[in-house]
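Here is a short report on the fold below. It covers the chain as a whole, then its helices and a few single residues.

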Amino acid sequence: EKALRLLMPSGDFLATLYSELADAATSCGRADTAVVFLKKALESDPGNNTLRFKLAYQYDYHLRKPFDGLPWYREFLNNAAATESREDLQPQHLLRTDYAERRIREITGRRVNKR
């Protein structure tokens, strides 16, 4: 059991690795491959809500498939912590929750229910 623990990386390490691979794939123009890596990252670390946002953004912005990103934006908002703070942001930046709510409104043409 100890040997297996030493050989198998932790879920958060795997998630970081897959997320970095997704960034590299996106940079090389392989947005579809990046989606696969982001899904693998989320499987490795299901508690990492940022990965849900990245998936939504990948579909929405890089693949130009906003309706495929819509469920991921919603899932991100459903799992978003109320502690996301504006204090950490520069004035020109948006909170991810604000961005997701805005995109859902733009995609569906309807208001978003607040958490």
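## Terms and model

Buried means under 20% relative accessible area, exposed over 50%, and partly exposed in between (1.4 Å probe, protein chains only). Helices (H or I, at least four residues) and strands (E, at least two) are DSSP runs, numbered from the N terminus.

This is a predicted model, in which local features need pLDDT of at least 70, side-chain atom pairs count only at pLDDT 80 or more, and totals for chains, interfaces and linings use all residues. Residues are numbered from 1 along each chain as its sequence is written, and side-chain values use heavy atoms, with hydrogens and water left out.

## The chain

The chain holds six helices and zero strands. Read from the N terminus, its elements run α-α-α-α-α-α. Of its 115 residues, 32% are buried.

Contact means heavy atoms within 4.5 Å. Take the contacts in the chain with a separation of 6 or more: 45% of them join residues 24 or more positions apart.

## Helix H6

Which residues of H6 are buried? They are Thr-97, Asp-98, Tyr-99, Ala-100, Glu-101, Arg-103, Ile-104 and Ile-107. The cover over the buried residues of H6 includes H4 and H5.

The expected span of a helix is 1.5 Å times one less than its number of residues. For the 13 residues of H6 that gives 18 Å, and the end C-alpha atoms are 18 Å apart, which agrees. Just after H6, Gly-109 has a positive phi of about 75 degrees.

## Helix H4

From first C-alpha to last, H4 reaches 19 Å, close to the 20 Å expected at 1.5 Å a residue.

Buried residues in H4 are Asn-49, Leu-51, Arg-52, Phe-53, Leu-55, Ala-56, Gln-58, Tyr-59 and Asp-60. They pack against helix H2 (11-27), helix H3 (31-44), H5 and helix H6 (96-108).

## H4 against H5

Two packed helices are described by the angle between their axes and the distance between the axes. Axes are lines fitted to C-alpha atoms, for helices over the stretch in contact, and angles run from 0 to 180 degrees between N-to-C directions. The axes of H4 and H5 come within 7 Å and cross at roughly 160 degrees. Angles under 35 degrees count as roughly parallel, over 145 as roughly antiparallel, 65 to 115 as roughly perpendicular and the rest as oblique. H4 and H5 are therefore roughly antiparallel. Their crossing is left-handed (the near helix is turned anticlockwise from the far one by less than a right angle; clockwise would be right-handed).

On the H4 side, the residues that meet H5 are Asn-49, Arg-52, Phe-53, Leu-55, Ala-56, Tyr-57, Tyr-59 and Asp-60. Their partners in H5 are Pro-66, Asp-68, Gly-69, Trp-72, Tyr-73, Glu-75, Phe-76 and Asn-79. By class, this contact has nine nonpolar, three polar and four charged residues. Ala, Val, Leu, Ile, Met, Phe, Trp, Tyr, Cys and Pro count as nonpolar, Asp, Glu, Lys and Arg as charged, and the others, Gly among them, as polar.

Is Arg-64 buried or exposed? It counts as exposed, because its relative accessibility is 59%. Arg-64 also has a positive phi of about 55 degrees, although it is not a glycine.

## H5 against H6

H5 and H6 pack at about 140 degrees, with axes 10 Å apart. That angle makes H5 oblique to H6. H5 passes H6 in a left-handed crossing. The contact of H5 with H6 has ten nonpolar, two polar and four charged residues.

Leu-70 is in H5. It counts as buried because its relative accessibility is 7%. Beyond its neighbours within four places in sequence, Leu-70 is in contact with Ile-104, Ile-107 and Thr-108. Leu-70 and Tyr-59 are eleven residues apart in sequence and 8.6 Å apart in space, C-alpha to C-alpha.

## Ala-25 in H2

Ala-25 lies in H2. It is buried, with a relative accessible area of 9%. Leaving aside neighbours within four places in sequence, Ala-25 is in contact with Arg-30, Ala-31, Thr-33, Ala-34 and Phe-37. Ala-25 and Phe-37 are twelve residues apart in sequence and 8.7 Å apart in space, C-alpha to C-alpha.
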